[in-house]
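Here is a short note to read beside the structure. Take the points in order and find each residue on the model as you go.

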Amino acid sequence: MRLIARRLALYIVTAIVAITVNFFIPRLMPGNPAEVAIGHMQSTVTPQTIAALDLQYGVNTHTSLWGQYVHYWDQLLHGNLGISFSAYPATVASVIRAALPWTIGLVGMATVISFVLGTLLGIAAAWRRGSWLDNLLPAMTFFQAAPYFFVAILAVALFATKLGWFPQNSGYDTIALNPGLSWGYISSVLDHAVLPALTIVAGSIAGWIIGMRNMMLTTMDEDYVLIAQAKGLPKRRVISYAARNAILPSVSGFSLAIGFVVSGALLTEIVFSYPGIGYILLQAIGSEDYPLLQGIFLIITFAVLAANLIADFVYAFLDPRTRQEA
Amino acid sequence: MALVIGTDPAATGDGQPPPLPTVRLRRGARVLQLPKSLKVRIGLGFGLGFIILAVIGPWIAPDNPNTSLSTTSGVPQAPSAAHLLGTTQVQQDVLSQLLAGGRSTILVAIVAGLIATTLAVLFGVTAGYYGGVLDDLLSMLANIFLVMPALPLLIVIFGFLSKSTSPSDVLIGLVISITGWAYGARVMRAQTLSMRQRDYVVSARAIGEHGWRIMMFEILPNLLPIVATSFLFTVIYGVGTYTALSFLGVISPVHWSWGTMLYWAQSAQAAQQVRIEWWWFVPPGLAVGLFGTSLALLNFGIDEFINPRLRAAGLSRRTAKRAGLPRRSQLGLTPVVRNSGPVSIAAAVPGQLPDEIGHGPLAGTDRRT
C-alpha cells in the first residue's frame, strides 16, 4: 500500500498547490477585482462587505500577505467559498451545490457508457484487425479532434431544431413542470439528458476504441493467448484472456479522463443550457463573478483528485504487480 | 524479394525448414511506406494548407471581419456569391472572420505547442537523466500539473487577466502551454530512464562529456519521435483549449478566433433558430476539427513508424489477400519482413529505432512512476 500512500501524498500536495494558486491569481493579475465586484452588486454595499472583499483580494488592506493567506485557509476549511456576486446574497457553496447533481448525473453516465462501449468496440476492432472498424478510425478521430461543444452545437441543430426529436435546452421542462419526485418530472429529466449524453459519448468514444485496440494487438501476441487458442478453448474465452490483460491502461486512462471529460462537458452543458456546473461557470464569466469562478475551480480540482484516488485503489486491486512494486 | 510471415521451422516437426512462401509485394503494400502512407499524406496536406492560410489568410480575406456591411438587416444571410460563407447577425462576412480567426488560432496553438514541448524536453530529460532528488521534485511538479484540471485553472487565470488587458496571441499561447507540458515530460522522463544506462551514454560519460551535452546529443536524438508526437499533441491541445476559452468568452470576444466565432453564433442561438444558420457555426467548428484531425493523422504515421505491430495491423484483409499473403489466425503471428528489398516494409524505416520505444508512447500509459 506504499504506492497508495505516495499517490495520496501527491493529491494532498496538489490540493494545497491548487488552493494556493487560487489565492495568488487575483493578487498577481493587474486591476482591482474588489472594485469590479462592488460595481456588479446592485444592492447597497455595506462597509463590512467592502472590507471583506478587500481582505479577500488583498487590496487596500493592512493585513500582511501571510495573514491574508491564513484567513483564506480558515474560511475555506469552514466551507466558506465566499458570496456569489451574480446570485447575491447566495453563497458560492449553495450555488455550486444546486448545480452539481446535474453535472454528475449527466457526465457520469455518459462517461461510463463511453468507456464500456468504446472498450468493447476496441476489443472487437483488435480481434478482427483489418476489418471495417479499422477504416472507421480516421473518421472517429475527427469527432475526437473537433471540440466537444461543436459536436453538441451540430447535434442541437440537427436532432433538436431540425428533426425535433429532442428538446433544445435546459435540464427539464421548466415551463410546465416543477421539480419533484413525480413521473412527469423524472421522464422530462431523462428526455432532456439523452442528447447531451449522446454528444459526450460521440466525442470521447474514439479514444477508448483506439487505446483498447492498440493494447489488445500487443496482448494478442502473447504466448498464453496462443496456447489458449491452441488448446481449443472457445473463442470467447480466448478473447477474454487477451482483453483482460489489455484493459489495464484503459482503466487507468478512465481515471485520468474523468478530469478531462468534466472540463470538456462544461461546454456541452453550456450549449444545451443544461443547469450544471458548466452553466453556472458561464454565468460567472459573464458577470465577472470571481468568487464563483474560483469556487468552481476548487470543486472541480477536488473532484478530479478524488476520482484519481479511487482509480488508484481500483488499479491496485486489479493489477497485483502494482501492489508488489513499492 | 520475399516476404515471410511468421513461419516457424520448429512447427513442421521434421527439422527441415519448409519452403518459404514467396510473395511479390505489389502496390497494396506500398501504402505502408511512411512518406507514402495515405493517412500521413492527408495529414501533411491539410496541416500545411491550414498553416499557409493562417499566414496569408487576413491578406486574402474579402472584407474586414469587424465591418458591418449593411446596417439595414438584422438577419444572418445565407451563403451567396457576394459572401461565400454568408454573414453574421450584424452583417459581418463569415469567410473573412474565418480567415482572420485562423491566424490567431493556429498561432496560439503552435506557440503553446513549442513552449510546452520545450518545457517537456527540459524537465523530462533532466529528471530522467539525473534522477535522485531533482527527479523527485520535477516528477512531483509534472504530476501536480497532470492532475490539476487545466481548463478551469485557465478560466480563472484569463478571467482575471483579460479584464484589464487584452492579451496577445503569444501571451495566450504561453499561458496555455503552462498546463500542457506535463504529460510529455513524463513520457520523456520514462524514455530517458531507459537510455541512461545504454552503452553509448555510459561511454560518453566515461570520456568526461558534460551532462547537458550527453542529453542534447546522445539522448535527445533518440527521443525525436516522441518529441514530435508530444508536439503534435500539445498543438491539438492548444487549438482545443484556445477555442474552448474563446467560446466561453473569457478571452475578449472581439479578438477574432474560431472560438470567438462560435461564441457569437452561440450567443445569437444560431443552432436554435427555425432557419438554422449553419454557415455561421459550421465553418469554424469544422476548421478546428480538420486541423486537429490532420495533426492526429500525422501522429498515426509516427505511431506506426515507432511500433511495427500497428503498421502490420493496418493491412486490411483485402490488401493482404491481394498481396497473396496466406490467411492466418489472428493470434501470435505478427507479420514480419525478414528479407528487405527495395519496396519492403523494412526499407521504409530509415534507421533502426531503439526497441523500448516500440509501444506507442502515448497510446498505452503507465501510471506508476
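1. Chain A, order of elements. From the N terminus on, chain A runs α-α-α-α-α-α-α-α-α-α-α-α-α-α. That comes to 14 helices and zero strands. Keep in mind that this is a predicted model.

2. Confidence in chain A. The mean pLDDT of chain A is 78. Of its residues, 82% score at least 70. Which element of chain A has the lowest mean pLDDT, and which the highest? The lowest is helix α14 of chain A, residues 320–325, with 63. The highest is helix α9 of chain A, residues 223–230, with 86.

3. Burial and contacts in chain A. Chain A has 326 residues, and 45% of them count as buried. Now take the contacts in chain A between residues at least 6 apart in sequence. Of these, 71% join residues at least 24 apart.

4. Helix α4 of chain A covers residues 65–77, which is 13 residues. From first C-alpha to last it reaches 18 Å. Just after α4(A) comes A:G79, with a positive phi of about 75 degrees.

5. Most residues other than glycine have a negative phi. A:S273 is not a glycine, yet its phi is positive, near 50 degrees. Where is A:S273 found? It sits in the loop between α11 (248–271) and α12 (277–286) of chain A. Is A:S273 buried or partly exposed? It has 18 other C-beta atoms within 10 Å, so A:S273 is partly exposed. The cut-off for buried is 20 or more.

6. A helix pair in chain A. Two packed helices are described by the angle between their axes and the distance between the axes. Helix α5 (residues 92–127) of chain A packs on α13(A) at about 55 degrees. Their axes are 10 Å apart. The angle makes α5(A) oblique to α13(A). The crossing of this pair, α5(A) and α13(A), is right-handed. On the α5(A) side, look for A:V92, A:V95 and A:I96. They meet A:P291, A:L292, A:G295, A:I296 and A:I299 in α13(A).

7. Chain B in outline. Chain B has 14 helices and zero strands. Along the sequence its pattern is α-α-α-α-α-α-α-α-α-α-α-α-α-α. Buried residues make up 47% of its 369 residues. For contacts in chain B with a separation of 6 or more, 74% are between residues 24 or more positions apart.

8. B:L38 is found in helix α3 (residues 38–60) of chain B. Is B:L38 buried or exposed? It counts as exposed, because it has 11 C-beta neighbours inside 10 Å. B:L38 and B:G180 are 142 residues apart in sequence. In space they are 29 Å apart, C-alpha to C-alpha.

9. α3(B) against α4(B). The axes of these two helices, α3(B) and α4(B), come within 7 Å and cross at roughly 135 degrees. That makes α3(B) oblique to α4(B). The contact uses residues of α3(B) including B:F50, B:L53, B:G57 and B:I60. From α4(B), the residues include B:L99, B:G102, B:I106 and B:L107. The crossing of α3(B) and α4(B) is left-handed.

10. α5(B) and its cover. Helix α5 of chain B, residues 132–147, has 16 residues and should span 22 Å at 1.5 Å a residue. Its end C-alpha atoms are 23 Å apart, which agrees. Which residues of α5(B) are buried? They are B:L138, B:S139, B:A142, B:N143, B:F145 and B:V147. What covers them includes α1 (2–28) and α13 (290–318) of chain A. From chain B, the cover includes α4 (94–130) and α8 (182–195).

11. α8(B) against α10(B). α8(B) packs on helix α10 (residues 211–248) of chain B at about 165 degrees, with the axes 10 Å apart. The two helices, α8(B) and α10(B), are therefore roughly antiparallel. Contact residues of α8(B) include B:G184, B:V187 and B:Q191. Those of α10(B) include B:I219, B:L223 and B:I226. α8(B) passes α10(B) in a right-handed crossing.

Definitions and conventions
Residues numbered from 1 in each chain as written. Chains lettered and ligands numbered in written order. Predicted model: local features only at pLDDT ≥ 70, side-chain atom pairs only at ≥ 80, totals over all residues. pLDDT = per-residue confidence, 0-100. Helix = DSSP H or I, 4+ residues; strand = E, 2+ residues; numbered from the N terminus. Expected span 1.5 Å × (residues − 1). Buried ≥ 20, exposed ≤ 12 C-beta atoms within 10 Å, placed from the backbone. Contact = placed C-beta atoms within 7 Å. Axes fitted to C-alpha atoms, helices over the stretch in contact; angles between N-to-C directions. Parallel < 35°, antiparallel > 145°, perpendicular 65-115°, else oblique. Left-handed = near helix turned anticlockwise from the far one by under 90°.
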